[in-house]
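Let's walk through this structure together, one piece at a time. Have the sequence and the 3D view handy, and follow along as we go.

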Amino acid sequence: MCTHCGCGHDHHHTHDMSVSNERAIAIEEDILGRNNAIADENRAYFRQKQILALNLVSSPGSGKTELLTATILAAKAQLKMAVIEGDQQTSNDADRIRVTGAPAYQINTGKGCHLDASMVRTALQEMTLDNGSILFIENVGNLVCPAEFDLGEAHKVAILSVTEGEDKPLKYPDMFRAADVMIINKIDLLPYLRFDIDRCEAYARQVNPSIRILRTSATSGEGMDAWVKWLTVESALCNLE
Ligand SMILES: Nc1nc2c(ncn2[C@@H]2O[C@H](COP(=O)(O)OP(=O)(O)OP(=O)(O)O)[C@@H](O)[C@H]2O)c(=O)[nH]1
Ligand SMILES: [Mg+2]
């Protein structure tokens, strides 16, 4: 359950207005505990197969799917990649990924505002992933709820597009604290906007001093080299373990 937005992940409790605060906290801890246990199983599976799993989180429309299709097209000669797509509705994003030739599995969360570890476990049972590959898990577009839910990934990667405003890391600190990497996307649009990219980076470091920051344009290709290089290094580290 995501108690913050009352997304109704756990239907029988969230709609009961008489639930006391303590009870709500106990329920939340229980749900997160169960989620974490399944996330650990997913992580063990990834480790055994030397898969680099990344959880891509952002608000809707920051360019997660565009970044993934550009990444796959740029790197498919040297990296094996697959995608799990999370959206409330439609299989549009999985369809966009499949056009690139990479396998994609679509999860629809309905009213749910984030993926959870058990949804990913179900997807893993349906997919055949190559040893040593990279699995991108594109979360539901939402800058709040996905921060709390471990899916078993090695890293959360937060994507922030320049049209969203440079103060987002301060306004949604949980997400930028949970992420190991921030990608500032759509930098091709910077000439048309008042977006202070250095200030944005400073804000992100204010909430998470160790966050790694990359700047990309998924559409022009600028900055994609550094991103693909990071993926290559991280994937190689998984293969050494
Ligand atoms: N100019 C520009 N547009 C971009 C860039 N990346 C994505 N877009 C556009 O932004 C829009 C949203 O991109 P998506 O890839 O669908 O974004 P998303 O984060 O996957 O969206 P959800 O899955 O709905 O959360 C599309 O029209 C993209 O073409 C970029 O680097 N530059
Ligand atoms: Mg998408």
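Start with strand β2 (residues 81-87), which is joined by 5 bridges to strand β4 (residues 134-138), and the two run parallel. Two words need explaining here: strands are DSSP runs of E at least two residues long, helices are runs of H or I of at least four, and both are numbered from the N terminus. Strands count as paired if DSSP finds at least two bridges between them. In general, the strands of a sheet pair through backbone hydrogen bonds, either parallel or antiparallel. To find one of these pairs yourself, look for I84, whose bridge partner in β4 is I137.

Before going further, a word on what you're looking at. This is a predicted model, where local features need pLDDT of at least 70 and side-chain atom pairs count only at pLDDT 80 or more, while totals for chains, interfaces and linings use all residues. Residues are numbered from 1 along each chain as its sequence is written, and chains are lettered from A and ligands numbered from 1 in the order in which they are written.

Back to β2, which also pairs with strand β3 (residues 104-108) in the parallel sense, again over 5 bridges. Here G86 has I107 in β3 as its bridge partner. To get from β2 to β3, the chain passes through helix α4 (residues 92-99), and this β-α-β crossover is right-handed. That label means that, with the strands pointing away from the viewer, the path from the first strand over the helix to the second runs clockwise.

How covered is β2? Mostly: 7 of its 7 residues are buried, where buried means that 20 or more other C-beta atoms lie within 10 Å of the residue's own, with C-beta atoms placed from the backbone (12 or fewer makes a residue exposed, and in between it is partly exposed). M81, V83, E85 and D87 point one way from the strand, and A82, I84 and G86 point the other way.

Now zoom out to the sheet. Its 7 strands lie in the order β3-β2-β4-β1-β5-β6-β7, forming an open sheet with parallel pairing. β3 and β7 (212-215) stand at the edges with a single partner strand each, so one side of each has no neighbour in the sheet.

On the other part of that order, strand β1 (residues 52-57) and β5 pair in the parallel sense over 4 bridges, with L56 partnered by V157 in β5. Strand β5 (residues 155-161) is in turn joined by 5 bridges to strand β6 (residues 181-185), also parallel. There, I159 has I183 as its bridge partner, and S161 stands opposite N185. β5 is mostly covered too, with 6 of its 7 residues buried.

Along its principal axes, the C-alpha trace spans about 50 × 45 × 35 Å.
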